Amino acid sequence: MKIKDKHYQTIWYERDSSFVKIIDQTKLPHEFIIKDIHNADEMVNAIFTMEVRGAPLIGGAAAFGVALAAKEKKDFDFIKKKGNDLIKSRPTAINLEWAVNRMINKLINVEVSNLFEVAIQEAQEIIKEDVGFCKNIGIHGFKIIEDIYKIKKDTVNILTHCNAGWLATIDWGTATSPIYHAHQAGIPLHVWVDETRPRNQGANLTSFELNNEKIPNTIITDNTGGILMQKGFVDMCLVGSDRTLYTGDVCNKIGTYLKALAAYDNSIPFYVALPSSTIDWEIDNYKNIPLEERNNNELSHINGLDDAGNLKNVLIYPRESKSFNLAFDVTPSKYISGLITEKGVCKANKNEIISLLKN
Ligand code: MRU
């Protein structure tokens, strides 16, 4: 999608320098910085510090991380070790593990001299595939928005949480892809953007994306969605996922569950958009999902511009207060109207997920 009318993807490999390029998302929307990633350790750091974030993007980034390890040392054990470091850099989004395992499996029987070339090709394949998945999610999800519009015959109001936009993927996004497709088809839309404390991915990234695509949107605090739903100002909720169990439960950014409860109570459709790489085919009980707990600084400090236009990070809490920063929660399948995937839309239950997505 576009930033200031120029098309970008979130990550790419530059053959001339043989570095990977990323957009540093910790500085958006105030500063637009493209950064070089030279090796697997730098990629681990970029994922951990959330310079790159969002489930499908960290999958793609980890794939490039494995390729950079293969460039560093033509040694399968070394590459495998770096792959494990990449998996551990963030625990919840399953795309990370999925992408590293795919890369390692691809490299198992490859001749030492070819390791890097095969790895970089596979990483490119993974990100190309993700672009296709997200585009198809948009085509399938578009029909849901179109159906609402056909009945309402007026602006469709969509509420989204966190950033499941193109910045969380390689291009198009998951939750935003149906929105971009509907906008391009001329359906009038307005998006309620949950701020998404503590890191404000909604306000900083989703609103930034939508502004660049000229889609009307309004940032709200995370607690506002409920009353908007009660007043009839939300036609549908559309969110992403970091890990969807094959039983249909969805793990996503903290606060998603409360939005789903409010939507359920107000009979508002609640859809989750995800590529099949986000499905966890092993865990069947949501209590076993590893939920990331992040540094308390993310709650107690906030980024912003001072009056002179300099990016500053300031303390907003009493120094001595305790805080707890859990990054994800789980929405049980019963609150979900449907899953929008690259292969079509299905109910959030085991039978439909297996028949649509397995193999
Ligand atoms: O912690 P983040 O910013 O990586 O979390 C991102 C989300 O929770 C997204 O909703 C999710 O990854 C879906 S990605 C298209």
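1. **Ile-47 and its contacts.** In this predicted model, Ile-47 touches Val-52, Ile-58, Ala-61, Ala-62, Leu-86, Ser-89, Arg-90 and Leu-96. Residues up to four places away in sequence are not counted there. Ile-47 is also among the residues with the most contacts inside the largest nonpolar core.

2. Ser-89 sits in the loop between α3 (76-88) and α4 (95-107). Is Ser-89 buried or exposed? Ser-89 counts as buried, because its relative accessibility is 6% and the cut-off for buried is under 20%. Leaving out residues up to four places away in sequence, Ser-89 touches Val-44, Ile-47, Phe-48 and Leu-96.

3. **The largest core.** This nonpolar core has 73 residues. Those with the most contacts inside it are Ile-11, Met-43, Ile-47, Phe-64, Ile-145, Ile-179 and Leu-238. Its largest share, 14 residues, comes from helix α5 (residues 115-152). As a general point, nonpolar side chains tend to be buried together in soluble globular proteins.

4. **The two domains.** The protein chain is divided into domain 1 (2-129) and domain 2 (135-357). Their C-alpha centres lie 24 Å apart. The contact takes 34 residues from domain 1 and 37 residues from domain 2.

5. **Helix α2.** This helix covers residues 55-72. How many of its 18 residues are buried? The count is 16, so α2 is mostly covered. Its length also checks out. At 1.5 Å a residue, 18 residues should span 26 Å. The end C-alpha atoms of α2 are 26 Å apart, which agrees. The helix lies across β3, β4 and β5 and runs at about 20° to β3.

6. Three strands form an open sheet in the order β3-β4-β5, with antiparallel pairing. The edge strands are β3 (11-14) and β5 (34-37), each pairing on one side only. Neighbouring strands are turned by 30° against each other on average, direction ignored. β3 and strand β4 (residues 19-23) are joined by 4 bridges. Tyr-13 has Val-20 in β4 as its bridge partner.

7. **The mixed sheet.** Another open sheet has 4 strands in the order β13-β10-β11-β16, and its pairing is mixed. Its edge strands are β13 (279-280) and β16 (328-331). Which strand pairs with β10 in the parallel sense? Strand β13 does, over 2 bridges. Within β13, Asp-280 stands opposite Leu-245. The other pairings described here are antiparallel: β10 with β11 over 2 bridges, and β11 with β16 over 4 bridges. Thr-244 has Val-250 in β11 as its bridge partner. Cys-251 stands opposite Val-330 in β16.

8. **The β10-β11 hairpin.** Strand β10 covers residues 243-245 and strand β11 covers residues 250-253. The hairpin has 4 residues between the strands. There, Gly-248 takes a positive phi near 110°.

9. **Cis peptide bonds.** Please look at two places. The bond from Leu-28 to Pro-29 is cis, with omega near 5°. Pro-29 lies in the loop between β4 and β5. A cis peptide bond also joins Arg-197 and Pro-198, with omega about 5°. Pro-198 is in the loop between β7 (189-194) and α7 (201-212).

10. Most residues other than glycine have a negative phi, and most peptide bonds are trans. Lys-153 has a positive phi near 55°. Its place is in the loop between α5 and β6 (156-160). Thr-196 has a positive phi near 70° and lies in the loop between β7 and α7. Which way does each side of the burial question fall? Lys-153 is exposed, with a relative accessible area of 65%. Thr-196 is buried, with a relative accessible area of 0%. The loop that holds Thr-196 also holds Pro-198.

Note on methods
Residues are numbered from 1 along each chain as its sequence is written. This is a predicted model: local features need pLDDT of at least 70, side-chain atom pairs count only at pLDDT 80 or more; totals for chains, interfaces and linings use all residues. Side-chain values use heavy atoms; hydrogens and water are left out. Buried means under 20% relative accessible area, exposed over 50%, partly exposed in between (1.4 Å probe, protein chains only). Contact means heavy atoms within 4.5 Å. The expected span of a helix is 1.5 Å times one less than its number of residues. Two strands pair if DSSP finds at least two bridges between them. Axes are lines fitted to C-alpha atoms, for helices over the stretch in contact, and angles run from 0 to 180 degrees between N-to-C directions. A nonpolar core is a set of buried Ala, Val, Leu, Ile, Met, Phe, Trp, Tyr and Cys residues joined through side-chain atoms within 4.5 Å. Domain bounds come from an automatic or database domain assignment.
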